[in-house]
Amino acid sequence: MSGQSDKFSAAPAAAGYLYQARLALLLCIPHLNAGSELEVAIEKLDDISFEQEGEAKQLLQAKHHINRVGSLSDTSADIWKTLRVWSELASADPSLPSRVKLVLVTTGSIPEGSAASFLRAPTEGRHNGRDPRGAAEMLSRAASQSQNEGLKQAFAAFLALPERMRASLLSAVEIVDQQPIVGDIEIELERALRLVAPPGKARLAREMLEGWWWPRICAALSASTVQSIPLGLIEAKLDDIRDALKRDALVAEFDHLEPSAKESDQYDAFVFVRQLQIIGFGGNRIGYAKRDFYRAFVQRSKWTREHVLLDEELEKFERVLVEEWEPRYAAMCDDTSEADGEDPRLSTGGREIYDWVEMEARFPLRTLTSKSLNVGSYHMLANALRVGWHREFRKHCDGKGSK
């Protein structure tokens with residue numbers, strides 16, 4: 001059964017699309033701050049394309065192999081499927097090779113002595129044995145002799161070009177092999193972002209950049225016509241990330257995170273929810289409270305786990321929250337000192353305190369002032385019965401904090 005599952009698995013195709021999106025972001029970084037008005041797109045002019053004022057400057061084909069098993073021999077499907085695309089483009093526009101760089105990026109490897117080995121990208125100002133004319137001869141011979149029916153149309157598209165045009169096309173081609181697979185691109189992104197992020201924060205910079213990148217790629221692909229993304233937007237986002245990651249800055253990464261239905265339902269048994277029910281809240285107000293509790297809990301847990309906060313910073317922040325709550329709670333108790341435990345004024349006074357928490361209480365933790373962090377942290381304190389809304393909240397909650 002596992003063999004049948006592998007046969008029909010969509011995982012390789014899905015990984016390939018994810019690879020294109022991640023690779024496109026990585027390839028953008030060397031172009032940043034170059035002063036050009038470049039734009040990048042996926043599945044518009046090619047797998048990945050860079051263009052300026054609507055004119056293609058670089059077209060890239062991306063070939064992803066989960067286990068790096070690809071080999072660009074002279075009859076490789078990867079190389080011939082790529083050449084078919086570019087041959088048809090060059091046939092329609094013979095000026096293409098003189099205007100546009102054509103790049104094949106693959107996780108596979110190039111065998112020495114193959115046609116692809118004569119098309120490797122130059123490095124450090126050297127041609128590294130590039131020989132487009134020789135590669136054209138080898139590929140023409142392979143196309144003429146191969147019996148591979150699956151590549152028949154690709155062979156025909158290349159051979160339909162005049163010999164001089166084949167060499168001209170390959171002079172614009174660069175092949176970059178042994179590139180990281182989709183899961184390893186994050187390592188390359190973090191390496192590229194070390195100039196942007198403070199020491200030790202490259203991973204966080206990458207997470208923030210990719211968190212911004214994915215929705216924009218999805219929006220660009222979902223438009224009625226595929227949209228390009230200006231590299232200037234990426235530069236602006238990196239500037240924001242650079243500012244956010246200054247040594248004294250905290251970043252609210254989860255201000256838009258939503259708890260799952262299961263997680264939300266689990267909170268029904270928590271004391272902070274009981275506290276709101278005691279003063280008459282339900283429905284959306286409790287839903288908002290669960291969301292803020294979840295966001296604050298996840299964010300604080302991550303900071304603690306990664307040692308982002310200094311010793312006692314959270315304790316000091318909570319002390320501020322408690323001390324701001326104390327006089328309001330005391331005033332409510334004074335105003336209702338003659339009321340018995342069933343007096344509706346106790347619930348009314350509790351709602352007024354909670355309205356202040358939800359609408360106004362905004363205190364900074366280091367340099368960060370976040371609504372979700374403030375309100376959620378108050379719910380964490382309410383869960384531990386360190387603060388409350390009803391005058392007799394401890395009595396109603398049996399004097400016990402929750403999980």
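Student: Which residue of β2 stands opposite L38?

Tutor: L38 faces Q52 in β2. Please keep in mind that we are looking at a predicted model.

Student: What makes β1 and β2 a pair of strands?

Tutor: Two strands pair if DSSP finds at least two bridges between them. Strand β1 (residues 38–42) is joined to β2 by five bridges, and the two run antiparallel. The bridge count meets the cut-off, so they are called paired. Another facing couple is V40 and F50, the latter in β2.

Student: How many residues lie between the strands of that hairpin, and what is the phi of E43?

Tutor: Five residues lie between β1 and β2, and E43 in the turn has a positive phi of about 55 degrees.

Student: How do you know that β2 pairs with β3 as well?

Tutor: The test is again at least two bridges. Between β2 and strand β3 (residues 55–63) there are five bridges, in the antiparallel sense, so the pair qualifies. Here F50 stands opposite Q58 in β3.

Student: Why is β2 described as largely enclosed?

Tutor: A residue is buried when its relative accessible area is under 20%. In strand β2 (residues 48–52), four of the five residues are buried, so the rest of the structure largely encloses this strand.

Student: In what order do the strands lie in the sheet?

Tutor: Six strands make an open sheet in the order β5-β4-β3-β2-β1-β6, with mixed pairing.

Student: What makes β5 and β6 edge strands?

Tutor: β5 (173–176) and β6 (229–230) each pair on one side only.

Student: Why is the phi of E53 worth a remark?

Tutor: Most residues other than glycine have a negative phi. E53 is not glycine, yet its phi is positive, near 50 degrees. E53 belongs to the hairpin of β2 and β3, which has two residues between the strands.

Student: What makes E53 count as exposed?

Tutor: Exposed means over 50% relative accessible area. E53 has a relative accessibility of 78%, so it counts as exposed.

Student: Where does H307 lie, and what is its phi?

Tutor: H307 sits in the loop between α13 (283–305) and α14 (313–335). Phi of H307 is near 55 degrees, again a positive value in a residue other than glycine. At 69% relative accessibility, H307 is over the 50% cut-off and therefore counts as exposed.

Student: What makes S370 a buried residue?

Tutor: Buried requires under 20%, and S370 has 3% relative accessibility, so it counts as buried. S370 is part of the loop between α15 (344–359) and α16 (371–383).

Student: How do you know that the side chain of S370 makes polar contacts with the backbone?

Tutor: Part of the test is a pair of N or O atoms within 3.5 Å. A polar atom of the S370 side chain is 3.4 Å from the backbone nitrogen of S372 and one is 3.2 Å from the backbone nitrogen of L373.

Student: At what angle do α15 and α16 pack, and which residues make the contact?

Tutor: The angle is about 145 degrees, and the axes are 8 Å apart. Y354, W356, V357 and E358 of α15 meet K371, V375, Y378 and H379 of α16. By class, this contact has five nonpolar, one polar and two charged residues.

Student: Why is L26 called buried?

Tutor: Its relative accessible area is 16%. The cut-off is under 20%, so L26 is buried. L26 is found in helix α2 (residues 11–28).

Student: Which residues does L26 touch beyond four places away in sequence?

Tutor: L26 touches I185, E188 and L189. From L26 to E188 the separation is 162 residues in sequence, and 7.5 Å in space, C-alpha to C-alpha.

Student: How many helices and strands does the chain have?

Tutor: The chain has 17 helices and six strands.

Student: What makes you say the chain is more spread out than a compact globule?

Tutor: The globule rule gives 22 Å for 403 residues. The radius of gyration is 30 Å, well over that value, so the chain is more spread out than a compact globule. Its C-alpha atoms fill a box of roughly 100 × 50 × 40 Å along the principal axes.

Student: What share of the residues is buried?

Tutor: Buried residues make up 48% of the 403 residues in the chain.

Definitions and conventions:
Residues are numbered from 1 along each chain as its sequence is written. This is a predicted model: local features need pLDDT of at least 70, side-chain atom pairs count only at pLDDT 80 or more; totals for chains, interfaces and linings use all residues. Side-chain values use heavy atoms; hydrogens and water are left out. Buried means under 20% relative accessible area, exposed over 50%, partly exposed in between (1.4 Å probe, protein chains only). A polar contact is a pair of N or O atoms within 3.5 Å; within protein, one must be able to donate a hydrogen and the other to accept it, and residues adjacent in sequence count only if both atoms are side-chain atoms. Axes are lines fitted to C-alpha atoms, for helices over the stretch in contact, and angles run from 0 to 180 degrees between N-to-C directions. Contact means heavy atoms within 4.5 Å. Ala, Val, Leu, Ile, Met, Phe, Trp, Tyr, Cys and Pro count as nonpolar, Asp, Glu, Lys and Arg as charged, and the others, Gly among them, as polar. The radius of gyration is taken over C-alpha atoms; the globule rule is 2.2 Å times the number of residues to the power 0.38.
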